[in-house]
Amino acid sequence: MTQDRIHLTIDGISTQVSPGTTILKAALQLGIDIPTICYHDYCTANALCRICVVEVKGARVLVPACTATVQENMEVSTTSERVQRARRTILEMLYATVDLSEAPEIEAMAEAYGVNRDRFPGAELRHVPLIDDNPMYIRDYTKCVLCWRCVQVCAEDAQYTYAINFKGRGYETQISTFYEVPMPESTCVFCGQCIGVCPTGALKFKRQHLLEVGYALEDILQMTRSERSGRRRRAERSA
Amino acid sequence: MSQSTPPSFESTLSSLAPQGRTALLPALHAAQEAYGYISDQVAAQIGRALGVPLAEVFGVIEFYTLLHRQPVGEVFLHVCNDPACALAGADTVFKQIVFQTAEAAVGEAGAPAVRVEKSACLGLCDHAPAVLVQSLPAKASPAQTWQELVAATATRPLTYVDGDVRLLTALCGRHTTVRLEEYRQHQGYQAFEQALKQSPASIIESVKQSGLVGRGGAAFPTGLKWESAAQAPGSPKYVVCNADEAEPGAFKDRVLMEDNPHAIIEGMLIAAYAIGASKGYLYIRGEYLLPYRVMKAAVEEAQAGGWLGERILGSDFSFEIEIRRGAGAYICGEETALFESIEGKRGFPRLKPPYPTTHGLFGKPTVINNVETLANIPLILRLGVEAYRRLGTPQSPGPKLFCLSGDVNRPGLYEVPLGVPLRHLIEDLGQGIRHGNKFQAALIGGAAGAFATPQHLDVPLSFEGLRAAGIPLGAGVVTVFDSHRDLRDAFYRLARFFAEESCGKCYPCQMGTQRQLEIMERVLHGKPLPSDWERLQDVGWTMTDASICGLGQTAASAILSAMQHWPDLFRPPRELQ
């Protein structure tokens with residue numbers, strides 16, 4: 001049924017897809033890879049990282065490919081100069097904001113876009129102390145890119161637990177529990193889904209964290225729950 | 001730690017409870033009024049009463065700068081920090097109060113705890129340097145003590161209102177609020193009576209024919225907006241008045257609300273009748289306590305007089321208005337963020353499309369108009385389309401309010417037909433530059449606007465005239481700088497304004513406003529790096545091109561225009577030699 005197909009071109013290649021398809025998925029069908037950070041197949045797309053922006057002919061501003069749906073006769077460019085500048089600048093600003101040492105996907109993007117990781121000298125990094133307040137996982141928000149996935153899976157996207165939301169706003173935004181109470185005092189059920197969707201290692205299982213700070217696996221397995229939670233470790237103190 | 005709960009807050013909360021989440025901001029305001037701040041216990045109590053997850057209650061408290069999770073002083077002063085007030089010495093006022101209160105804290109036992117904070121534009125630019133004392137406005141002077149400022153709030157600062165035409169402002173600037181009876185004596189509510197006798201479609205047609213475009217900044221054709229909402233499937237439909245005036249330099253909506261509130265109610269009534277809405281909201285910024293009180297009293301008056309309520313004037317048309325207060329967030333002037341705020345959420349802008357006319361407040365078809373736009377509606381119906389269009393230019397018909405502030409002899413609110421030259425506003429109406437100085441620049445459209453230079457003085461103040469000069473008319477803000485001013489101070493303040501007011505949702509604006517501020521700090525001190533020019537351009541255009549909403553898309557607008565006009569200010573000195 002050809003009348004049910006939407007015709008468009010992406011980077012000059014003509015294609016047709018079903019109505020309601022996002023530009024991101026339409027491009028994927030052509031083998032064109034549009035980068036994303038906040039987007040996750042199983043989370044509500046909020047189009048907030050803007051890495052997936054593309055240029056649509058006739059549109060005043062760039063359009064997020066993850067949520068914008070195809071329109072008849074749309075002409076999309078995924079590599080225009082404006083697109084490249086936006087992606088590169090967003091990545092460069094991200095490097096001046098967040099510790100991305102455990103974000104391999106973003107690293108790969110930085111390579112692809114020729115990002116200068118020190119583009120912003122004197123920039124104020126969003127540095128916050130690591131939160132180690134429960135036996136299951138740690139929160140290292142210096143690595144947090146505010147993709148919102150953890151907040152979403154904790155709420156309507158999966159668990160309906162509502163343990164976390166936001167503190168502050170703008171550049172100072174941080175994921176937080178109610179009045180910053182320790183996680184065990186929140187509504188958290190320790191389902192671990194937030195850790196599963198975290199793209200940058202800001203949320204990490206306790207065992208992985210302990211291994212990284214120098215504990216041997218046998219030591220960790222022998223720890224009691226209270227030993228695993230809260231207190232600062234010898235290894236961290238000496239580090 | 002434990003707060004005894006007086007019955008007043010308890011009863012307020014239980015009366016709000018049936019509304020659920022949408023009552024969150026009203027409940028938080030009530031809590032803060034009762035206790036001075038919102039403790040974790042009270043926040044939990046509110047969350048349980050309204051069925052809002054506690055972490056989200058916290059998220060909302062944290063979003064709004066006027067809500068406090070810790071006790072604040074008994075006397076709270078906000079000193080405006082934006083360009084117009086800075087020109088008048090706001091920094092000195094701030095330092096003076098800090099110095100004085102610090103001294104008092106050491107010297108006197110039992111002295112009241114005074115808290116003073118720098119604040120974004122308070123909408124009192126014609127009374128610069130402006131201060132809010134316990135949410136009430138005062139014009140400060142650097143020599144004043146905070147006690148004198150508290151006393152000064154007893155009388156409200158009066159805005160000078162004038163212009164070539166006095167249609168929207170016919171009853172403004174007389175230093176009194178127009179009450180219902182007087183409004184009626186000046187043809188008040190006659191346009192609405194007339195509207196009730198016509199079909200909604202013919203009202204929409206008149207508004208379309210009038211050529212009215214939105215006066216809040218985006219300049220969208222009002223008639224088209226109404227038509228789209230009228231035709232959209234779904235009910236109920238809503239009319240929302242955007243009274244979240246917070247653009248630095250803007251105070252027109254404040255004056256309209258304080259002086260002639262019924263004109264706004266009449267505009268909302270006509271809009272509601274035209275699109276088939278029976279409920280309206282007026283969302284007013286949290287800093288506007290005085291206009292809030294005036295609007296509240298006017299709505300009550302209109303209810304008592306039969307202009308609001310069930311089956312108005314015996315017709316089938318019913319309409320009620322609920323007033324909502326913001327709590328310190330410029331972003332809530334963005335229409336979808338405003339809806340989120342009314343719905344009891346953090347003021348994050350939504351993705352568009354879908355647009356408010358089909359998916360607006362509570363996901364329903366909604367018309368959202370600025371205060372001044374709505375005040376134009378009764379005027380259009382009363383004058384008739386033809387007479388209305390004789391004002392202004394063919395492409396920009398009608399009267400327009402301009403908020404003139406900064407280095408002019410007579411700052412104030414001026415009503416002119418669209419199309420008069422900028423020079424007329426500054427030299428004739430504003431009586432020229434203070435102290436006989438020369439004109440250097442004007443910031444047109446507020447923080448989200450652009451700079452005009454002496455070569456722009458003859459540009460007509462119309463949408464098309466300014467657009468041709470690369471300047472947005474915006475909400476009608478004109479902040480003037482004389483030739484002695486270091487404009488870098490204004491640039492820095494604009495950058496700081498956006499860094500403070502970014503909601504943090506999308507990356508370009510969340511990080512771009514911060515990076516822009518860091519670079520502007522170097523520019524302010526005359527020490528930009530050689531590569532800062534490129535950096536500012538990349539950050540600025542990325543925000544403009546890739547941000548979700550109008551805030552991010554305009555957060556670099558004024559600075560990018562300044563880079564065009566005064567490139568040397570953005571380059572390191574050695575390049576000049």
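**A chat about two chains**

Modeller: Chain A has nine helices and nine strands, where helices (H or I, at least four residues) and strands (E, at least two) are DSSP runs numbered from the N terminus. This is a predicted model, in which local features need pLDDT of at least 70, side-chain atom pairs count only at pLDDT 80 or more, and totals for chains, interfaces and linings use all residues. Residues are numbered from 1 along each chain as its sequence is written, while chains are lettered from A and ligands numbered from 1 in the order in which they are written.

Biologist: What does the C-alpha trace of chain A span along its principal axes?

Modeller: About 65 × 45 × 35 Å. Of the 239 residues in chain A, 45% are buried. Buried means 20 or more other C-beta atoms within 10 Å of a residue's own, exposed means 12 or fewer, and partly exposed is in between, with C-beta atoms placed from the backbone.

Biologist: OK, sheets. In what order do the five strands of the open sheet in chain A come?

Modeller: The order is 2-1-5-3-4, with mixed pairing. Two strands pair if DSSP finds at least two bridges between them. Strand 2 (13–17) and strand 4 (63–64) of chain A are at the edges with a single partner strand each, so one side of each has no neighbour in the sheet.

Biologist: And how do strand 3 and strand 5 of chain A run, parallel or antiparallel?

Modeller: Antiparallel: two bridges join strand 3 (residues 53–56) and strand 5 (residues 74–77) of chain A. A:Val56 sits opposite A:Val76 in strand 5 of chain A. Helix 2 (residues 81–95) of chain A lies across both strand 3 and strand 5, at about 160° to strand 3 of chain A. Angles run from 0 to 180 degrees between N-to-C directions, and axes are lines fitted to C-alpha atoms, for helices over the stretch in contact. In contact means that the C-beta atoms of two residues, placed from the backbone, lie within 7 Å.

Biologist: Switching to chain B: which strands stand at the edges of its six-strand open sheet?

Modeller: The order there is 5-11-10-14-12-13, again with mixed pairing. Strand 5 (161–163) and strand 13 (450–452) of chain B are the edge strands, each with a single partner strand.

Biologist: I spotted B:Leu401. Where is it found?

Modeller: B:Leu401 is in strand 10 (residues 399–406) of chain B. It's buried because 25 other C-beta atoms lie within 10 Å. Leaving aside neighbours within four places in sequence, B:Leu401 has contacts including B:Leu168, B:Glu372 and B:Gly476.

Biologist: How far apart are B:Leu401 and B:Phe251 in sequence and in space?

Modeller: They're 150 residues apart in sequence and 9.7 Å apart in space, C-alpha to C-alpha.

Biologist: Last topic: how many residues does each chain put into the contact?

Modeller: Chain B gives 38 residues and chain A gives 39 residues. On the side of chain B that touches chain A, helix 21 of chain B brings the largest share, nine residues. By class, that side of chain B has 17 nonpolar, nine polar and twelve charged residues. Here Ala, Val, Leu, Ile, Met, Phe, Trp, Tyr, Cys and Pro count as nonpolar, Asp, Glu, Lys and Arg as charged, and the others, Gly among them, as polar.
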